[in-house]
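Biologist: Could you walk me through this model? I would like to learn what the terms rest on.

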Amino acid sequence: MAIATSSNYLTTKNGTKTHYTRCGRDTGPLLILLHGLGGSSHTFTPLLPYLPVATHDILSVDFEGFGATPLTKRKIALSIDRYVDDLEALITHLESTGDIIIIGHSLGSIVALKYAAKHPKQVKGLGLLGVGRSASHIPAARERMLGLAAKVRNEGIEAAAELATQTNVPPGDPTESAKFARAEVRKAVSSSDPEGYAQICEAMVNLDHKDPNYRSITCSVVFVTGRDDTLSPPLRAKELASLLGGRSTVHLVQGGHQPIMSDLQGTAKAISELFCQIKR
């Protein structure tokens, strides 16, 4: 079942012309969807029919440099904190006074966790897919991401798209869902702004990028992790779950770093558990 969405823009105090799609009940509580590196608001399109459209105001956001949100000024480097600021501006603009639920994939989960740590009383629940965290203190990770940024600038965004098909989906998986995921990942990354992609690769390992105070996050949290995810292995989700201040559960699904593409039913079932926890 296709869900009709509207396309919207908000220019934030940072000057970001943030694009977001909207569906559901516009007077309901906010449910915000945040994509990963190389993704966009389209990342969550397959999941929309499984979300509470009848009761929630559902927004899917394009981060600056991705989807339909352009880079504001190429001389102003992107950062995770800038993304959090833009998310705050969007929520303030919508004058939301109720509880907020955020579902984030990879990069989006990093932004979601930072926002939740900053606004613990406002966030009611988090759904974290292929959860990410700061790697600024890991030399090998810094080298890899800085090298990827340089590669994109030297060779173009297609170089990142090719690499993403190899790292986001288990390379030895011959299933139709894996083939579909590879094609979708290539298409999504290829449509990214090359400079935006490079800047966020750098931002994710910038020495100023630190993990938030996880203990301050006391809302319900559901982690969704692919059994064969090499970018964010199940162990990472379990480690982060142990650091949070509230109730959390870890759900294993089929495939790698793109659970919506590789195991939509499993991902939808896990996310439904989040709403069950919130109601209790």
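Modeller: Happy to! Thr-18, Leu-34, Val-61, Asp-62, Phe-63, Glu-64, Tyr-83, Asp-86, Leu-87 and Leu-90 line the largest cavity, where lining residues have an atom within 4 Å of a point on a 1 Å grid over the protein atoms alone, and a cavity is a set of points where a 1.4 Å probe fits but cannot get out. This is a predicted model, in which local features need pLDDT of at least 70 and side-chain atom pairs count only at pLDDT 80 or more, while totals for chains, interfaces and linings use all residues. Residues are numbered from 1 along each chain as its sequence is written, and side-chain values use heavy atoms, leaving out hydrogens and water.

Biologist: Which helix gives the most to the lining of the largest cavity?

Modeller: H1 does, with four residues.

Biologist: What makes Lys-118 and Glu-88 a salt bridge?

Modeller: A salt bridge needs a side-chain nitrogen of Lys or Arg within 4 Å of a carboxyl oxygen of Asp or Glu. Here the closest N and O atoms are 3.1 Å apart, so the pair counts as one. Lys-118 lies in helix H2 and Glu-88 in helix H1, so the pair ties together parts that are 30 residues apart in sequence.

Biologist: Why does Glu-88 count as buried?

Modeller: Buried means under 20% relative accessible area, exposed over 50%, and partly exposed in between (1.4 Å probe, protein chains only). Glu-88 has 13% relative accessibility, so Glu-88 is buried.

Biologist: And why is Lys-118 called partly exposed?

Modeller: Its relative accessible area is 47%, so Lys-118 falls in the partly exposed class.

How values were computed. 1 Å grid on protein atoms, 1.4 Å probe; cavity = no way out; pocket = protein on both sides within 12 Å on 5 of 7 lines; lining within 4 Å. Helix = DSSP H or I, 4+ residues; strand = E, 2+ residues; numbered from the N terminus.
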